[in-house]
Amino acid sequence: MKSDKIKFFIFCLVVLLAPLPLDGSYLTNVLVFVGVNSMLALGLNLLLGFAGQISLGQAAFFGLGAYGSGVLTSTYAFNPWVAMVAVALAVAAFAFAIGFPVLRLKGHYLAMATLGVGVIANITFNETVDLTGGPSGLSGIPNLAIGSFTFDTDLKNYYLVWGFALVMILLALNLVNSRFGRGLRAIHDSEVAARVMGVNARLMKVQVFTLSAFISAIAGSLYCHVMTFISPTSFSYHTSVELLTMIVIGGLGSVYGSILGALLLTMLPEILRTFQDYDIIVYGSLLIVMTIYMPGGLVKGVPALFRRLTPKKAKEGANA
């Protein structure tokens with residue numbers, strides 16, 4: 001536990017100091033979206049990496065959070081902070097309600113059901129033109145502010161987003177090391193065995209599904225107030241696949257693996273943009289390669305690779 005606290009403290013220092021040498025450059029803006037994607041990846045990793053419940057509809061909760069806050073603040077002049085909390089709780093309640101029937105399913109049936117939720121949400125964002133602006137998007141969303149202090153620059157938004165991200169990371173670290181977290185891992189390993197040991201698997205799956213949706217909704221609210229403009233393309237099936245790729249590459253069942261995956265796939269957008277409409281093929285290929293050669297993701301795969309190479313180097317040195 002002490003080592004975990006030290007790791008988190010060091011991580012906090014890195015986050016606080018990271019934008020200082022960038023001096024407000026474009027990379028500061030990129031790091032803002034690393035923070036948003038880190039929260040999204042973390043929420044999905046709690047569901048898939050720890051509980052073993054696949055979801056291809058995470059973009060739906062992200063979009064509901066963004067559009068909920070966007071509509072309430074730009075159209076109905078709600079206080080942005082009140083709107084964020086209200087929308088996050090509403091999205092969590094919605095996830096809790098649909099979680100009971102959806103999480104009865106397993107495997108590819110569960111994947112298809114969550115995909116359906118995502119598709120329905122994206123169609124709704126496109127078709128409700130009077131409310132969401134439809135394909136043209138929703139504009140006029142205000143920046144978040146505390147009194148007269150407005151988060152209207154990349155640096156301010158960086159500390160705003162990462163402040164929320166650090167809270168979510170701390171919450172996740174405490175959760176996975178608790179009795180609840182051990183129950184999730186038991187469900188992941190064998191739901192039948194977990195039930196035999198007295199774990200209420202059905203309720204715990206719904207609870208982590210709800211928490212995942214809540215985190216995604218918070219990330220969506222932050223995203224809309226940082227961008228001040230949103231459109232349905234940001235909450236499509238592609239977004240769900242990107243998030244899945246992030247946690248597989250970073251490391252399933254690893255809190256810091258979620259952040260690493262988000263960092264890699266957000267900092268390298270130019271490479272993926274060169275593939276244009278074929279970016280989904282790139283994500284699929286990355287998933288296949290990582291699943292075959294590094295099933296534990298980079299967090300576990302790189303140290304394992306280093307351990308395999310180190311004895312060989314030692315042996316070669318001894319022979320020499």
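Guide: Bear in mind that this is a predicted model. Helices H2 and H7 are roughly parallel to each other, because their packing angle is about 20° and angles under 35 degrees count as roughly parallel.

Visitor: How far apart are the axes of H2 and H7?
Guide: The axes of H2, which covers residues 26–50, and H7 are 8 Å apart, and H2 passes H7 in a left-handed crossing.

Visitor: Staying with H2, is Ser38 buried or exposed?
Guide: Ser38, which lies in helix H2, counts as buried because its relative accessibility is 1%, and the cut-off for buried is under 20%.

Visitor: What does the side chain of Ser38 reach, and which residues does Ser38 touch?
Guide: The Ser38 side chain reaches the backbone oxygen of Val34 at 2.7 Å. Leaving aside residues up to four places away in sequence, Ser38 touches Trp162, Ile259 and Ala262.

Visitor: New topic, then: what caps the N-terminal end of H4?
Guide: That is Asn79, with a side-chain oxygen 2.9 Å from the backbone nitrogen of Trp81.

Visitor: And what span should H4 have?
Guide: With 23 residues (80–102) at 1.5 Å a residue, H4 should span 33 Å, and the 31 Å between its end C-alpha atoms agrees with that.

Visitor: Which residues of H4 are buried, and what covers them?
Guide: The buried residues of H4 include Pro80, Met84, Val87, Val91, Ile98 and Val102. Their cover includes helices H3 (58–74), H5 (107–127), H7 (154–176) and H10 (201–227).

How values were computed. Residues are numbered from 1 along each chain as its sequence is written. This is a predicted model: local features need pLDDT of at least 70, side-chain atom pairs count only at pLDDT 80 or more; totals for chains, interfaces and linings use all residues. Side-chain values use heavy atoms; hydrogens and water are left out. Helices (H or I, at least four residues) and strands (E, at least two) are DSSP runs, numbered from the N terminus. The expected span of a helix is 1.5 Å times one less than its number of residues. Buried means under 20% relative accessible area, exposed over 50%, partly exposed in between (1.4 Å probe, protein chains only). Contact means heavy atoms within 4.5 Å. A polar contact is a pair of N or O atoms within 3.5 Å; within protein, one must be able to donate a hydrogen and the other to accept it, and residues adjacent in sequence count only if both atoms are side-chain atoms. Axes are lines fitted to C-alpha atoms, for helices over the stretch in contact, and angles run from 0 to 180 degrees between N-to-C directions. Angles under 35 degrees count as roughly parallel, over 145 as roughly antiparallel, 65 to 115 as roughly perpendicular and the rest as oblique. A crossing is left-handed if the near helix is turned anticlockwise from the far one by less than a right angle, and right-handed if clockwise.
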